[in-house]
Amino acid sequence: MNSDSSSLDHRLLSLLQAVRDTHDDSARARLNDLLRVDPAARAAMARLMVDEQALTSRLRDESIVSLLDPAPAAESEKVVRLPRWFTWRPLISAAAGIVLGMFCTSMVFGFAAQRRSEKRTPLVVYSPGLETAGTLVDQGLPKAAGRWGADSAAVVTTENGVKPMEGSQMMRLDPIPLERNAKTRMSRVYQVLDLRSQQMPGVTGDAEVQVTASFFAAKSDVTSRYLIRAVALSESPEQATKGFWPKTEEDGVVSVKQTFDKSPEERGWHTFSLKVPLPRGAQTLVFVLGAASVDDVSALPTTHYLDDIQVSVLAPQSTQP
Amino acid sequence: MATSAQDSSRFIAALTRHQPALEAFCHAQLANRQDAQEALQATCVKLWEKSGEWNADTEFLPWAFAVARFTVLSHIRDRMRDRLVFDEDVVLAMAEETEAAATQFEERREALGSCLDKLKPEHRDLLQGHYIGGHSVRQLSGTTGRSESAVKMILLRLREQLSACIQRQIRICP
């Protein structure tokens with residue numbers, strides 16, 4: 001956000017505050033005149049009002065949580081986008097009982113992920129290691145299964161005092177420079193996995209995929225943010241990678257992402273995992289691993305390293321051989 | 001209305017999933033929580049009445065926004081002008097930008113989570129009191145011991161900080 005847009009935000013919020021708090025007619029007229037003539041002001045106002053709704057929604061949830069649990073345990077920051085079917089599946093089963101007036105009011109759903117009581121053991125379906133030089137092929141999302149794609153990355157041996165976590169090679173995720181004006185500063189690598197070719201005998205559904213990766217920040221004085229994202233699709237890899245990103249918003253596509261923050265004092269390799277419900281008939285799994293430094297606006301933001309990547313299918317023991 | 005149990009289930013699922021974005025749209029068009037709730041409720045009723053027209057193979061949200069636009073305008077025409085923040089022509093002019101912003105509601109709400117974590121507890125309490133407790137600036141001035149102008153300024157700066165933080169978060173992890 002540049003200084004022009006922040007000063008526009010300030011002006012809009014000041015006028016809005018005057019209208020609401022003091023019913024100031026002249027402020028109301030000025031606000032409406034500004035919105036009438038300035039498209040940038042309209043876009044900024046719409047964004048600010050949506051953010052206000054997000055704020056109200058967050059605070060409302062917090063106030064409910066504090067009523068239920070006055071002293072919640074501290075939890076590390078994480079952002080999870082639950083797959084849509086996973087979110088609404090419990091609602092569907094209750095759909096017959098939902099009357100019109102109910103779903104049009106503000107409801108708080110006591111959503112609890114279905115925890116299975118049976119033991120679930122992992123079937124490792126992908127653990128390639130990074131010992132083969134020249135593994136990176138495609139820029140961005142790979143066009144076929146089994147290849148790595150990257151925004152800006154390379155397979156390297158020990159460098160900058162960082163040793164691979166496993167074997168002799170690891171992946172270096174180069175930072176995305178500010179001047180590139182990219183949509184995101186997260187430096188990402190991508191892999192497309194053909195689930196049809198994996199040996200998963202007996203897994204017929206109700207399974208989960210677990211993606212695990214380890215990261216290391218080269219600089220010691222910044223907070224790093226790591227990303228694991230997984231998308232399961234019912235198309236073949238060739239079809240799934242065509243027009244891929246819009247598909248992640250579609251109904252029926254399972255898409256989950258989680259970010260993990262690590263503060264500067266926590267130096268070393270850090271391993272994170274993400275679990276994704278695996279829908280029946282899933283043929284392709286696309287996973288994305290990324291890293292960025294948070295609030296590091298220096299000309300040379302930090303490099304991150306990635307190693308020990310594994311994908312496992314967690315299935316109930318009874319469905320395994 | 002939806003013609004079969006399966007259609008009804010899909011419709012209810014889509015409506016439930018997208019209701020937060022619709023609420024954000026109504027709020028952004030009306031800038032008043034009570035009005036936004038009423039407009040949202042009218043929109044849901046209208047969507048249910050028109051559910052038979054929705055093709056489940058098409059995106060739900062653009063269709064729902066089109067219905068919401070009409071119910072918001074209808075709501076404005078039924079209200080006294082002095083209760084409204086935006087004039088009707090401005091609401092019309094802003095509709096497209098509002099749809100674009102509301103479509104991103106979930107992403108922005110997610111990003112806001114870590115932004116709120118960075119706030120001082122007293123600032124979070126102030127936001128909680130104002131936006132959830134419905135306390136006026138004067139009431140907050142009384143409970144915090146700060147002047148009204150100081151409370152106004154803090155609330156204004158917090159809103160600016162949070163919006164800027166959301167933008168940064170989305171750039172880091174869209």
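How do the residues of the lining of the second largest cavity divide into nonpolar, polar and charged? They divide into six nonpolar, four polar and two charged residues. The structure is a predicted model.

**Cavities**

- A search of the whole structure finds five cavities of 30 Å³ or more.
- The largest cavity holds about 100 Å³ of space.
- Lining this largest cavity are 15 residues, and those closest to its centre are A:Ala217, A:Lys219, A:Ser263, A:Glu266 and A:Arg267.
- Sorted by class, the lining of the largest cavity consists of six nonpolar, five polar and four charged residues.
- The second largest cavity has a volume of about 80 Å³.
- Its lining includes A:Leu173, A:Asp174, A:Pro175 and A:Ile176, along with A:Arg185 and A:Ser187.
- Also in the lining of the second largest cavity are A:Ala291, A:Ala292 and A:Ser293, as well as A:Pro301, A:Thr302 and A:His304.
- Strand β11 (residues 284-294) of chain A makes the largest contribution to the lining of the second largest cavity, at three residues.

**The second largest pocket**

- The second largest pocket has a volume of about 860 Å³.
- There are 34 residues in the lining of this pocket, and the closest to its centre are A:Leu16, A:Arg20, A:Asp21, B:Ala31 and B:His130.
- From chain A, the elements that give two or more residues to the pocket lining are α1 (3-22), α2 (25-37) and α3 (39-68).
- From chain B, the elements that do so are α6 (121-132), α7 (137-144) and α8 (148-172).
- Helix α1(A) gives the most to the lining of the second largest pocket, with seven residues.
- By class, the lining of this pocket has 14 charged residues, ten polar and ten nonpolar.

**Packing of α2 and α3 in chain B**

- Helix α2 (residues 33-49) of chain B and helix α3 (residues 60-78) of chain B have axes that come within 9 Å and cross at roughly 125°.
- At that angle, α2(B) is oblique to α3(B).
- On the α2(B) side, the residues in contact are B:Asp35, B:Glu38, B:Ala39, B:Ala42, B:Thr43, B:Lys46 and B:Leu47.
- They meet B:Phe60, B:Trp63, B:Ala64, B:Val67, B:Ala68, B:Thr71, B:Val72 and B:His75 on the α3(B) side.
- Nine nonpolar, three polar and three charged residues make up the contact of α2(B) with α3(B).

**Packing of α2 in chain A with α4 in chain B**

- The axes of α2(A) and helix α4 (residues 88-103) of chain B come within 9 Å, and they cross at roughly 40°.
- The helices α2(A) and α4(B) are therefore oblique to each other.
- The crossing of α2(A) and α4(B) is left-handed.
- In this contact A:Asn32, A:Leu35 and A:Arg36 of α2(A) meet B:Asp89, B:Val90 and B:Met94 of α4(B).
- By class, the residues of the contact of α2(A) with α4(B) are three nonpolar, one polar and two charged.

**Packing of α6 and α7 in chain B**

- Both α6(B) and α7(B) give two or more residues to the lining of the second largest pocket.
- These two helices, α6(B) and α7(B), pack at an angle of about 145°, and their axes are 10 Å apart.
- Helices α6(B) and α7(B) cross in a right-handed manner.
- From α6(B), the residues B:Leu126, B:Gly129 and B:His130 meet B:Val137, B:Leu140 and B:Thr144 from α7(B).
- The contact of α6(B) with α7(B) has three nonpolar and three polar residues, and no charged residues.
- B:His130, which takes part in this contact, is also one of the residues closest to the centre of the second largest pocket.

How values were computed
Residues numbered from 1 in each chain as written. Chains lettered and ligands numbered in written order. Predicted model: local features only at pLDDT ≥ 70, side-chain atom pairs only at ≥ 80, totals over all residues. Heavy atoms only, no water. 1 Å grid on protein atoms, 1.4 Å probe; cavity = no way out; pocket = protein on both sides within 12 Å on 5 of 7 lines; lining within 4 Å. Points joined across faces, edges and corners; volume = space filled by probe spheres on them. Nonpolar A, V, L, I, M, F, W, Y, C, P; charged D, E, K, R; others polar. Helix = DSSP H or I, 4+ residues; strand = E, 2+ residues; numbered from the N terminus. Axes fitted to C-alpha atoms, helices over the stretch in contact; angles between N-to-C directions. Parallel < 35°, antiparallel > 145°, perpendicular 65-115°, else oblique. Contact = heavy atoms within 4.5 Å. Left-handed = near helix turned anticlockwise from the far one by under 90°.
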